[in-house]
Amino acid sequence: MLADSFGSAADRSARLDRLEDWTGRDLHGRAAEAERAEREATEAGDVAARMRARLIRADIAERTGELRPAAEAMWRINEWAHAEGHRYLIARSHLLLGRTYRNLGDVAALLDHAVAAVEALPDEVPPRRRLPYVVKYADALTETGSIAAARERYRQAEVLARYSADIRDRIMVLNNHAYAEYLAGDPQRAWAVVRRMRVLAAAHGHALDPNDLDTVASVQIALGRHAEAEQTVLAAIAAYPDGPQEADALPEFLLTLAVTRRLGGDPAAAQATLDECRAQCEAHGHQEILVRVMQEQAELYAARGDHARAFEEHKRFHAAEKEVQSEAREAQARNRQALFEVNEARQEAERFREQARRDPLTGLRNRRFVDENLPGLIEQGTRTGVPLWVALFDLDHFKQVNDVCTHEAGDRVLTAVARLLSDAATEPGFAARLGGEEFLLVVSGMDGATVTAHLDRVRQAVAAYPWSPVTGDLAVTISAGVAGARFGSDQADLLARADAQLYRAKRGGRNRVCREMPPDTVGEPDSSTRSGDGPMEAACSAVSPPSP
């Protein structure tokens, strides 16, 4: 039983770790614990812990068939994690989304999410908790036909599993790898992995669980070792009540046992086992397995030489198979439609969010986007030492364009200038319209002289643009003020310093770029340029330099 008190942030994290790693069959108990964890995290004001608990509840909902609400919750948490930069929840949500799409047969989406999960997982996540992500990535590669790449991931998973004190983790990796080789049609390679798994289990006094034994039996059958496979399946059946198994595990084992007995030359024992399997399926509604029971029954009739009954059973099998496939397709279609609607709603929400952060006239980013993103870029620049510059641009005498040439012409001027600024933007910087005729350009990775030259090329491009079809004889020029991020800068400070330089450019005659200078260059030529001139011969104000 998990502890009653949620305690500190470390306690919450450890408790959520256990809930995420839960291997028991009591989904109701796990759901109740997750609900309580979410409530207590909410009371503690721990948003990340609340999201983790909510994701656990979505995991349980998906396992119990509540596909649509589960997928909606997973995507919402994924989006929150991306917005907050919470890499662990990005990884965890992608892991669960991959399983959700895999259950609908979309193995391409499974691989996409598996890759995203591994890439997002923070380096500080310990090897034991990193293990499931690498294994699921390997499994996804197997299902998409990339067995060579999967082998490398299983090898990596084995290394991670050695950090676990639980031998079951190492067995799990080998079991999945062996089954992958079996699915890839290489039973000899699969058997080599099975032998390693058995040696490891014996060395630690560990009894393989029924699902591990089922893998062993499948490989033995593929190798024609029918007597050995029979003993392996009997061991799986004997161990079945002891472990947390899927509801259909026992009839699956019985069906495999019937096949091994038929192939081993004992049709009477095979028939008795098949009858037991049929009774299990009919009692518990395992229709898909029951169809395969019909197929095996036809094989048994044929093995006894009763070809007439074998033919009739084959007809029953094909009819039942079509019915089950039709029902499965209908259920899958309903689930796909539910996920489609979830994705459609997400995309619509993303479009609204994107539109809310774009200037409708020019298509540039707007003030809201600036407020959300510039502080992070400033922090990153000062922390890493990569220079970050902001340039405030303002169209010179723009009121004349509107008054003389109409507001429609003014809009065309703004749109054309926006394109020129957008072309000058470099990642991770951006161009934005702050309002009216004022624009912002964020540039990183350049020294002072380089950024001045870069921005002056923008100024020249605006001045040289063929404006006459839009403004007639009226010239269009632009002025800019430039400031660099430095330790202690925030957005308000940086924009205020750039605005001061813009005022200097306007006061100095417009159509120029003015950049603040470091203290040790006071008295040197001004960092201002204008069309047809070299640097202006005036001193810069004494300001601190941007971070180197």
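The chain exposes about 26400 Å², of which carbon and sulfur atoms supply 51%; accessible areas come from the Shrake-Rupley method with a 1.4 Å probe, and for residues only the protein chains shown count as cover. This is a predicted model, in which local features need pLDDT of at least 70 and side-chain atom pairs count only at pLDDT 80 or more, while totals for chains, interfaces and linings use all residues. Residues are numbered from 1 along each chain as its sequence is written, and side-chain values use heavy atoms, with hydrogens and water left out.

Of the 548 residues of the chain, 48% count as buried, where buried means under 20% relative accessible area, exposed over 50%, and partly exposed in between (1.4 Å probe, protein chains only). The chain contains 22 helices and 6 strands; these are DSSP runs numbered from the N terminus, with helices (H or I) of at least four residues and strands (E) of at least two. Among contacts with a separation of 6 or more, 59% join residues 24 or more positions apart, a contact being heavy atoms within 4.5 Å.

In soluble globular proteins, nonpolar side chains tend to be buried together. A nonpolar core is a set of buried Ala, Val, Leu, Ile, Met, Phe, Trp, Tyr and Cys residues joined through side-chain atoms within 4.5 Å. The largest such core here has 34 residues, and Ile171, Leu208, Cys277 and Val293 have the most contacts inside it. Two or more residues each are given to this core by helices H9 (167–183), H10 (187–203), H11 (210–222), H12 (226–239), H13 (249–263), H14 (267–284) and H15 (287–303). A second, separate core of 32 residues includes Trp389, Val413, Val462 and Ile478.

Leaving aside neighbours within four places in sequence, valine 293 is in contact with Leu255, Leu274, Cys277, Arg278 and Cys281. Threonine 260 belongs to helix H13 and is buried, with a relative accessible area of 1%. Beyond residues up to four places away in sequence, threonine 260 touches Ile221, His226, Ala229 and Glu230. Its C-alpha atom is separated by 7.2 Å from that of alanine 227, 33 residues apart along the chain.

Helices H18 and H19 form a packed pair. Their axes are 6 Å apart and the angle between them is about 140 degrees; axes are lines fitted to C-alpha atoms, for helices over the stretch in contact, and angles run from 0 to 180 degrees between N-to-C directions. H18 and H19 are therefore oblique to each other, since angles under 35 degrees count as roughly parallel, over 145 as roughly antiparallel, 65 to 115 as roughly perpendicular and the rest as oblique. Phe398, Val401, Asn402 and Cys405 in H18 meet His407, Ala409, Gly410, Val413 and Leu414 in H19.

The loop between helix H18 (398–405) and helix H19 (407–424) holds threonine 406. Most residues other than glycine have a negative phi. Threonine 406, although not a glycine, has a positive phi of about 85 degrees, and this residue is partly exposed, with a relative accessible area of 45%. Arginine 510 also has a positive phi, near 65 degrees. Arginine 510 lies in the loop between helix H22 (491–507) and strand S5 (512–515) and is partly exposed at 30% relative accessibility.

Serine 444 is found in strand S3 (residues 438–444) and counts as buried at 17% relative accessibility. Apart from neighbours within four places in sequence, serine 444 is in contact with Pro387, Leu388, Thr426, Glu427 and Pro428.
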